Amino acid sequence: MNKTTYLLTAMLVMAAITLAIRFVPFLLFGGKKKVPKSVEYLGGVLPPAMIAILVVYCLKTVTPLSGAHGLPELISVGVVAGLHIWKKNTFLSIGAGTICYMVLIQAVFN
């Protein structure tokens, strides 16, 4: 299989999986107007849990006594927390925090 065929196949598989994921809620819940309590619960607890896991994962290797002393991580955590408190948008918070961290470690604290 050449490189182009491999890439096209991978893209088709990803597109099919994305479509399947989008259709699953409609297949599971059908035409019901009321969202099940368990789904409402998960929708409420998963975004903060996801951010907590990301914070722990991102800060587990910070060594405050060397290098930039954890400043890029601390600044990025502040961006994530501030945006999440202000806008309450998980994707915006995580995305902006990631971009902030990448800019800091690549351009400022390199």
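Predicted model: local features only at pLDDT ≥ 70, side-chain atom pairs only at ≥ 80, totals over all residues.
Student: How much space lies in the largest pocket?

Tutor: Rolling a probe the size of a water molecule over the atoms shows where empty space is left. On a 1 Å grid over the protein atoms alone, a pocket is an open set of points where a 1.4 Å probe fits, with protein on both sides within 12 Å along at least five of seven lines; lining residues have an atom within 4 Å of a point. Here the largest pocket holds about 480 Å³. Of its 21 lining residues, Cys58, Leu59, Glu73, Ser76 and Tyr101 are the closest to the centre.

Student: Is Ser76 buried or exposed?

Tutor: Buried means under 20% relative accessible area, with a 1.4 Å probe and protein chains only. Ser76 counts as buried because its relative accessibility is 7%.

Student: And which side chain of opposite charge is nearest to Glu73?

Tutor: Lys and Arg count as positive, Asp and Glu as negative; His and the chain ends are not counted. A salt bridge needs a side-chain nitrogen of Lys or Arg within 4 Å of a carboxyl oxygen of Asp or Glu. For Glu73, the nearest such side chain is Lys60, 12 Å away, and buried Glu73 has no salt bridge.

Note on methods: Residues numbered from 1 in each chain as written. Heavy atoms only, no water. Buried < 20%, exposed > 50% of the residue type's maximum accessible area, 1.4 Å probe, protein only. Points joined across faces, edges and corners; volume = space filled by probe spheres on them.
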